[in-house]
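Colleague: I would like to learn how to read a model like this one, feature by feature. Please give the idea each time and then the case at hand.

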Amino acid sequence: MKILVCITHVPDTTSKINFIEGNTKFDPSGVQFIIGPYDDYALARAIELKEATAGATVTVLNVGPADTEPTIRKALAIGADDAIRINAEPTDSFFVATQIAQEAKAGNYTLILMGRESIDFNGGVVHSLVGEMLGIPSVSPVMKLELSGNVAKLTREIEGGKEEVEVSLPLVAGCQEPIAEWKIPNMRGIMSARTKPLKVVEPKTVDSGVKLQKFELPPPKGAVKMIAADNVAELVNLLKNEAKVI
Amino acid sequence: MPTLVFVESAEGKIKKTSLEAVAYAHALGTPVTAIALGAVDTAELESLGKYGAQKVLHVADSKFNQGVIQAYASVLTQALADEKADILVLADSSLGTPIAARVAARTGSSLASNVVALPDTSTGFVVKRSIYTGKAFANVALNNAKKVISLKKNAAEAKEVGGAASVTPYTVSVPDADFAVKILSSEKATGEVLLPEANIVVSGGRGMKGPEHWGMLEDLAKVLHAATGCSKPVSDLGWRPHHEHVGQTGVKVAPQLYVAVGISGAIQHLAGVNSSKYIVVINKDAEAPFFKAADYGIVGDAFEVIPKLTEALKAAK
């Protein structure tokens, strides 16, 4: 079984977000980049499946410029066998999905895992787009994935609950907790990651009909109004007459 | 040319987020055709007229009672063609977002999800999306004639504009392959206010000290007609189910009012609530970072403040 895990290279969840060049570019200064937290769950589950399945391999894929390579190496250190980097800025979901679909098809992967969404662009659509482009099912957000031969049983989160589904491979799944525990690379993994193959592929040209104009930050929040603990009536009054939300 | 709106229902009722999608389409200034699949009350479908739909297509075939994504995408693709609609509007959800993606890929549409506002059409068609988990926005031009727009909650106000809609039965034959994903079972909280849809959310953190104390939050939620949520540690500890976890890696909420009790306000939690209109923070630690993100704050013991607040709200009704 060939498993493809698509990862994003995103600012750490505690990062302060700023933009430069007239609000057209993300400001990376002082920002630590990580494997997308949801992608990390996908990777962890992929490694578990590889360990449980004789002959299974895990390839990681990232769409990004050369500076994402440390993030890719980390995924290799966690246990992926090899990696592909599509040498392009991940400008929009359709563009990224097109690149993934092309590689997935060429490599004949039977299970394609990724996070439910990236934590920078928050589109939450790449898994569905890849499924559509390959003409195969996609399921997201997946909290549990069990394989029995060619059949996958998955638990998907829905609003206010969950859904159990069954589907034959090939399959695309967008993952989230608690599908697996995040894995931390050990020293042996880190050493071996340096020499694992990382293939760089030039992107396919695609016009997604989507173009970024400008970023913007939300307006700053006003100061908090503190209310004494023994005066909850005042809070009720403010919610009713000032905020008008109750 | 009309705009097509996919409306979702739960327990036979149209979801509020779908009413917002109808209102959004109405605000685009084009005629609005809504489409619903599966079992929905006809009176509910007719009521879409009040929010701006002129026409409602209803696919009543029982095989669409379950939300099968690929099959729904086939129906919507056909409906766009039949209605000669260029734009599809829907609400982001576990069903809506994947359908949006598939329909966009099939029809060659410009796709935007997590959209928070009506488009700016002064130069082209520019939508505003929420990015970096609510910490920023991106203004994105959708350049193709065909567009699929998937909305974050509160992107438009579901207000009544006083029209009427005619409901038309609609049938589409979809290939069996569209039902490849078999839904074996689903578990859904019923009768309660669902967290992603709620106008008011009451959330508890580790400061609640244990699952046995959730009753007082539920009482507060009940008088506010609110949904209950929790912080990540609370769901990690198994005090509350995962679908109540609000934050960066859980549910992102956008209510009118978010009440946080015993939650310190880690940046990952704030990422899930920063689209709330008003935030109330109740915490015994005056230094809790959540106060900086709040509109109203009370420094105090939750076990004393919450019952008093519940009583005061009851009295104010």
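**Reading the backbone and the strands**

Modeller: Lys209(B) lies in the loop between strand E13 (200-204) and helix H5 (214-224) of chain B. Bear in mind throughout that this is a predicted model.

Colleague: What is the value of phi of Lys209(B)?

Modeller: Phi of Lys209(B) is near 70°, which is positive in a residue other than glycine.

Colleague: How many C-beta neighbours does Lys209(B) have inside 10 Å, and how does the residue count?

Modeller: The idea is to count neighbours: 20 or more within 10 Å make a residue buried, 12 or fewer make it exposed, and values in between make it partly exposed. Lys209(B) has 13 C-beta neighbours inside 10 Å, so it counts as partly exposed.

Colleague: Which loop holds His225(B)?

Modeller: His225(B) is in the loop between H5 and strand E14 (227-230) of chain B. His225(B) is not a glycine, yet its phi is positive, about 55°.

Colleague: Does the count leave His225(B) buried or exposed?

Modeller: Exposed, because His225(B) has 11 C-beta neighbours inside 10 Å.

Colleague: Now strands. Where would you start in chain A?

Modeller: With the inventory. The secondary structure of chain A comes to six helices and 15 strands. Of the 246 residues of chain A, 48% count as buried.

Colleague: Which strands pair with E10(A), and over how many bridges?

Modeller: For pairing, look at the direction and at the number of bridges. Strand E9 (residues 138-148) of chain A pairs with E10(A) in the antiparallel sense over six bridges. Strand E11 (residues 161-168) of chain A also pairs with E10(A) in the antiparallel sense, over eight bridges.

Colleague: What lies between the strands in the hairpins?

Modeller: Two residues separate E9(A) from E10(A) in their hairpin, and Gly149(A) in that turn has a positive phi of about 60°. The hairpin of E10(A) and E11(A) has two residues between its strands as well, and there Gly160(A) takes a positive phi near 75°.

Colleague: Which peptide bonds in chain A are worth checking by omega?

Modeller: Look for cis bonds. The bond from Ser140(A) to Pro141(A) is cis, with omega near -10°, and Pro141(A) lies in strand E9 of chain A. Another cis bond joins Glu177(A) and Pro178(A), with omega about -5°. Pro178(A) sits in the loop between strand E12 (171-175) and helix H5 (187-193) of chain A.

Colleague: How is chain B divided into domains?

Modeller: Domain 1 of chain B covers 3-179 and domain 2 covers 195-316. The contact takes ten residues from domain 1 of chain B and eight residues from domain 2 of chain B. On the domain 1 side, the touching residues divide into no nonpolar, five polar and five charged.

Colleague: What separation do the two domain centres of chain B have?

Modeller: Taken over C-alpha atoms, the centres of domain 1 and domain 2 of chain B are 31 Å apart.

Key: Residues numbered from 1 in each chain as written. Chains lettered and ligands numbered in written order. Predicted model: local features only at pLDDT ≥ 70, side-chain atom pairs only at ≥ 80, totals over all residues. Pairing = 2+ DSSP bridges. Helix = DSSP H or I, 4+ residues; strand = E, 2+ residues; numbered from the N terminus. Domains from an automatic or database assignment. Contact = placed C-beta atoms within 7 Å. Nonpolar A, V, L, I, M, F, W, Y, C, P; charged D, E, K, R; others polar.
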